[in-house]
Amino acid sequence: MTVLELQGLSYTFRQGRRATRALRQVDLSIAREGETLGLAGESGSGKTTLLRLLLGFLAPTAGTIRIFGRSPQEWGPQLPRLVQMVVQDAQGALDPRWTVQRSLEEPLLLHHRDLSREDRKERILELLELVGLGPHHLPRFPHELSGGQRQRILIARALAVRPRLLLLDEPTSALDVSVQAQILNLLRDLQERLGLSYLLVSHDLAVLRYLAHDVAVLYRGYLVEKGPAESLYREPSHPYTALLLESAPGVTKPDHLSPSWRPVDASASGACPLHTSCPRASALCREVNPPWQHMGEGHFAYCHFPRRDGSHEGSH
Ligand SMILES: Nc1ncnc2c1ncn2[C@@H]1O[C@H](COP(=O)(O)OP(=O)(O)O)[C@@H](O)[C@H]1O
Ligand code: SF4
Ligand SMILES: [Mg+2]
């Protein structure tokens with residue numbers, strides 16, 4: 001069954017007269033259970049907005065969302081049993097006054113009220129085992145755990161209700177590189193053991209490469225490229241993807257990779273929204289909206305002049 005299908009998904013924040021178009025006509029899908037869609041984009045590209053739409057916290061300005069066949073609004077209160085979010089371990093993700101036991105018990109009390117006290121306890125021990133922790137962690141408070149252990153608790157908490165899709169919002173961005181790798185390994189093991197599907201969001205293409213079957217690149221609300229990970233990393237075709245990859249040596253990088261790139265609002269005027277920043281821009285780009293070009297099996301780029309030869313020279 002199709003896990004996730006987004007068609008023409010758009011969202012605009014309005015504050016008085018100001019409108020921020022956070023997402024513009026995004027088409028994406030996770031076709032099969034047990035797969036990972038990686039979503040790359042710098043700070044401000046609309047990643048978190050997309051996740052909030054999936055959780056039903058926001059309703060689309062335009063377009064549709066299908067999660068296992070229904071919109072978040074149609075799923076209503078059943079949605080949290082299917083879809084859970086894991087955020088990065090930063091302050092506030094875990095309540096500092098709650099022990100590990102309480103943090104893990106909470107979602108069960110909320111969504112599985114039928115469970116007895118013993119069943120809950122058993123489930124909590126099972127969750128700890130799943131994320132590589134043990135019963136001795138139960139009485140601990142967040143400040144008594146390492147960053148990696150806190151991230152494991154956040155993952156365990158999300159798994160408590162046995163969801164089928166996890167939304168991972170920068171799950172390793174707050175961690176040291178060596179701990180990042182451990183958490184990514186854990187996520188990979190959990191996917192194999194439980195058949196989970198992931199939407200993994202990161203500004204770091206190197207993190208996505210580790211887990212993603214498919215990758216999509218978002219730039220200030222515009223989807224610019226998507227395709228099977230293997231094909232996209234081998235032949236990054238959109239100039240912006242190429243830039244992201246060039247600035248991705250394999251470790252966590254600052255959020256703002258391309259301060260000189262600024263899209264212009266070209267939806268009405270007919271131009272590529274990136275033509276003022278793009279090194280490959282030509283007269284055509286300033287006059288005509290680019291098409292989605294087919295680069296190979298399932299691989300598409302939103303560009304008049306996608307790179308087709310896999311070379312790393314920026315010319316066409
Ligand atoms: N509550 C809000 N009100 C107004 N604008 C917002 C709000 N949340 C996000 N935005 C704007 O929407 C855009 C996308 O933000 P966000 O989805 O948080 O991006 P990301 O997660 O990729 O950093 C940004 O321009 C941001 O300033
Ligand atoms: S359509 Fe032109 S300006 Fe836009 S990304 Fe492609 S080459 Fe650059
Ligand atoms: Mg975000």
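Mentor: Before we start, helices and strands here are DSSP runs, a helix having at least four residues and a strand at least two, and they are numbered from the N terminus. Also keep in mind that this is a predicted model.

Trainee: Thanks! Which elements each supply at least two residues of the shell around ligand 1?

Mentor: Those are strands β1 (4-15) and β2 (18-30), together with helix α1 (47-54).

Trainee: And which one gives the most?

Mentor: That is α1, with 3 residues.

Trainee: Nice. Which residues are around ligand 1?

Mentor: Among them are F13, Q15, T20 and A22, and also the run G44, S45, G46, K47, T48 and T49. By class, the shell has 9 polar residues, 2 nonpolar and 1 charged.

Trainee: How does the shell around ligand 2 divide by class?

Mentor: There you find 9 nonpolar residues, 2 polar and 1 charged. The residues around ligand 2 include the cysteines C272, C278, C285 and C303, as well as H275 and H304.

Trainee: Changing topic, where is Q7 found?

Mentor: Q7 sits in strand β1.

Trainee: Why is Q7 called partly exposed?

Mentor: Because Q7 has 15 other C-beta atoms within 10 Å. A residue needs 20 or more to be buried and 12 or fewer to be exposed, and partly exposed is in between.

Trainee: What is Q7 in contact with, leaving aside its neighbours within four places in sequence?

Mentor: Q7 contacts D27, G63 and T64.

Trainee: And how far apart are Q7 and V26?

Mentor: They are 19 residues apart in sequence, while in space they are 6.3 Å apart, C-alpha to C-alpha.

Conventions: Residues are numbered from 1 along each chain as its sequence is written. Chains are lettered from A and ligands numbered from 1 in the order in which they are written. This is a predicted model: local features need pLDDT of at least 70, side-chain atom pairs count only at pLDDT 80 or more; totals for chains, interfaces and linings use all residues. A residue is near a molecule or strand if its C-beta atom, placed from the backbone, lies within 6 Å of it. Ala, Val, Leu, Ile, Met, Phe, Trp, Tyr, Cys and Pro count as nonpolar, Asp, Glu, Lys and Arg as charged, and the others, Gly among them, as polar. Two residues are in contact if their C-beta atoms, placed from the backbone, lie within 7 Å.
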